[in-house]
Amino acid sequence: MDIFVLKALVDELRPRLCGAVVSKVFQMSPDDLLLRLWRHQELRLLLSVQASEPRLHLTTARFRNPPQPPRFAALLRAHLTQVRLCDITVRPYDRVVSFCWAHPAASMPVLRLLHELQGQQANILLLDAHNVILGALKHVPAEGTRRGPVLPGQPYHPVPLPPHRCLVSDLTVAAVEQLFLQGTFDAVHLQRLVVGLSPVLATELVYRSQGEPYRCWELLQELRQHYEQGSLGLSICTTPEGTRYLSALPLTHCAGTIASFASAQDAVAALYGPYTGTTALAHLRHTVQKTVRRRLQKLRHKMNNLAQERHKLEGYLLYQRYGTLLVAQHVPRGATSVTVVDYYSPDQATVTIPLDSRLSLHDNAQAYFNKHRKTKYGLVKVQELLAQCAEEERYFESVEQQIAQAEDWETLDAVALELGLASSQPGAPYRGAVPTSAALPYRTFVLRDGSTVYCGKHNQGNDVLLRQITTPEDIWLHAYQQAGAHVVLKIRRGQEVPRQTLLQAAALAAFYSKGKDAASVAVMYTPAKYVRKFRGARPGQVQVSTYRTVAVAPHLPEGERSHGAPPSQTSDAAGSVSGRISKG
């Protein structure tokens with residue numbers, strides 16, 4: 001948000017929000033706060049400090065929130081709940097919005113909530129009546145900053161203005177002409193000179209001025225006049241490529257479609273409404289990915305230790321040979337070693353065998369036999385543990401692939417629940433916007449010949465397909481030996497499956513797999529009666545007794561129709577195939 005968009009929005013929100021009382025404060029992610037306000041109706045004010053898009057606006061989206069509020073959200077709840085909003089102001093020609101609060105019985109503001117929307121330094125701070133910081137969304141130590149520390153108990157200091165930058169109110173014609181004389185009269189240097197200009201607005205000003213610095217200064221002064229009069233209008237320009245920009249000037253340099261808005265809030269909501277859900281979804285994805293990677297790292301560390309233990313035990317397999325060689329020797333008690341001919345060696349080399357001087361030769365031989373038996377038992381257990389860990393690793397790798405390609409809340413929610421990260425548990429990942437209608441855990445495709453194909457969105461969806469949708473006559477498909485979705489081609493009893501229909505279903509299975517970017521993917525297919533869950537199987541894991549394979553190029557079939565999800569989505573399910581598998 002540049003200074004003009006922010007001013008237009010604050011001017012509109014002031015009469016709408018002043019007098020509202022805080023009913024709840026939520027923190028949906030490390031960068032996003034939601035204030036639930038009540039003034040004749042419930043209003044939801046979103047404050048975001050995301051470095052790429054710091055912003056504030058009213059939203060109608062509803063969120064699932066963490067059961068335990070983070071530190072700053074808990075602080076705001078303690079200080080702002082049932083407190084009245086007195087005023088909203090914006091620092092002149094800057095990107096700092098101040099919310100003033102007072103208790104219903106108080107006549108003077110007692111608290112200020114500052115929302116700094118200054119790019120990488122964006123932050124939200126709560127100040128008392130003496131300008132002392134009570135808390136901040138992001139704590140900033142004094143080291144490496146041009147301002148004072150942003151820590152509780154410290155006095156508040158605004159972000160200082162760099163010497164080479166100026167506010168619009170202080171901008172002179174000479175400063176703009178200096179850019180022209182230096183050969184730097186362009187959008188980049190104009191944005192660096194004037195505080196709070198967005199890149200797209202700076203580009204528009206340079207474009208409209210047609211190389212004349214004075215004309216550029218005049219345009220800024222016209223915007224300044226509207227700024228002070230509170231008469232700024234906002235519009236959204238959509239480029240031919242689909243990129244959308246919000247600006248206080250209609251963007252003529254983009255050669256796009258311009259939509260004007262009578263309401264600044266409507267314009268901001270139109271631009272950032274979809275973005276809010278996207279960023280919250282990205283945060284949830286990151287949270288779940290972090291959990292999976294942490295578990296994978298721990299599992300691989302365990303596998304490394306087991307591999308070292310196996311290598312160590314394999315070195316003890318010679319103990320049976322040592323015991324056998326000792327039986328035929330005659331060595332007095334007290335010897336610490338004996339050198340004998342190794343009859344098991346092809347070249348009949350000699351080998352030196354360590355002895356326990358306290359034991360007889362027979363007892364030393366029995367000790368080696370006992371160690372060999374323990375070694376064999378230990379190797380069996382280590383191999384079992386390694387096999388279990390390898391299965392666990394394949395499962396987590398498949399889940400990791402599923403998370404990376406998921407593009408909807410339902411898929412990530414299902415994965416989080418599967419990993420034990422339910423929203424009712426402390427420390428669970430933050431959840432995003434609640435969907436308006438329940439989404440199915442699988443996709444439905446109708447091919448050109450009328451055949452119906454189902455594709456699981458995630459592991460739970462894969463199990464739902466097998467449990468509720470699939471009949472024994474249906475064709476089950478899955479990418480061979482790699483993570484992918486379960487795909488089911490519905491077959492009527494006695495129906496012949498056309499080769500082209502089977503290839504289209506196989507292409508779907510390849511498309512929704514880890515190998516979707518490959519030129520060709522092997523896909524296994526079999527009647528569903530040969531697919532079953534096995535004891536101890538994780539979600540999405542099945543056992544296949546017989547199957548055939550076909551190589552196809554991953555793609556969505558031409559002319560397909562999708563129900564329940566747009567066909568352009570590429571979210572993947574990451575089920576895995578395990579157990580006894582024989583080629584048929």
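What is the handedness of the crossing of α9 and α10? It is left-handed, where left-handed means that the near helix is turned anticlockwise from the far one by less than a right angle, and right-handed that it is turned clockwise. The legends below cover this crossing and other close-up views.

The model is predicted, so local features need pLDDT of at least 70 and side-chain atom pairs count only at pLDDT 80 or more, while totals for chains, interfaces and linings use all residues. Residues are numbered from 1 along each chain as its sequence is written, and side-chain values use heavy atoms, with hydrogens and water left out.

**View 1. The protein chain as a whole.** The protein chain has 12 helices and 24 strands; these are DSSP runs numbered from the N terminus, with helices being H or I of at least four residues and strands being E of at least two. Of the 584 residues in the protein chain, 49% are buried. Buried means under 20% relative accessible area, exposed means over 50%, and partly exposed lies in between (1.4 Å probe, protein chains only). Among contacts between residues at least 6 apart in sequence, 59% join residues at least 24 apart; a contact means heavy atoms within 4.5 Å.

**View 2. Helices α9 and α10.** Helix α9 covers residues 361-405, and its axis comes within 10 Å of the axis of α10, with a crossing angle of roughly 155 degrees. Axes are lines fitted to C-alpha atoms, for helices over the stretch in contact, and angles run from 0 to 180 degrees between N-to-C directions. The two helices α9 and α10 are therefore roughly antiparallel to each other. Angles over 145 degrees count as roughly antiparallel, under 35 as roughly parallel, 65 to 115 as roughly perpendicular and the rest as oblique. On the α9 side the meeting residues are Y395, V399, Q402 and I403, and on the α10 side they are T411, L412, V415 and E418. Helix α10 (residues 409-418) is mostly covered, with eight of its 10 residues buried. Among these buried residues of α10 are W409, D413, A414 and A416. G420, which follows α10, has a positive phi near 85 degrees.

**View 3. Helices α8 and α9.** Helix α8 (residues 319-327) packs on α9 at an angle of about 160 degrees, and their axes are 8 Å apart. The helices α8 and α9 are therefore roughly antiparallel to each other. The crossing in which α8 passes α9 is left-handed. From α8, the contact is made by Y319, Q320, Y322, G323, T324, L326 and V327, and from α9 by L361, N364, A365, Y368, F369, K371 and H372.

**View 4. The buried side of helix α2.** Helix α2 (residues 71-80) has F72, A73, L76, R77 and L80 buried. They cover an arc of only 140 degrees around the axis, which puts them on the same side of α2; the arc is that of the directions from the helix axis to the C-beta atoms. An α-helix has 3.6 residues a turn, so residues three or four places apart point the same way. The strands that the buried residues of α2 pack against are β1 (21-29), β2 (32-38), β6 (96-102), β7 (111-116), β8 (123-128) and β9 (133-136).

View 5. Most residues other than glycine have a negative phi. Q82, in the loop between α2 and β5 (84-90), is not a glycine but has a positive phi of about 65 degrees. Y93, in the loop between β5 and β6, is also not a glycine and has a positive phi of about 60 degrees. Y93 counts as buried, at 5% relative accessibility.

**View 6. The nonpolar cores.** The largest nonpolar core has 74 residues, of which F4, L45, W101, L113 and L205 touch the most other members. A nonpolar core is a set of buried Ala, Val, Leu, Ile, Met, Phe, Trp, Tyr and Cys residues joined through side-chain atoms within 4.5 Å. Helix α1 (residues 3-17) gives the most to this core, with nine residues. Another core, of 25 residues, lies apart from it and includes V292, M303, L379 and I403.

**View 7. T526 in strand β19.** T526 lies in strand β19 (residues 521-527) and is buried, with a relative accessible area of 3%. The C-alpha atoms of T526 and I475 are 5.6 Å apart, although the residues are 51 apart in sequence. Leaving aside neighbours within four places in sequence, T526 is in contact with D474, I475, W476, V531, V544, T546 and Y547.
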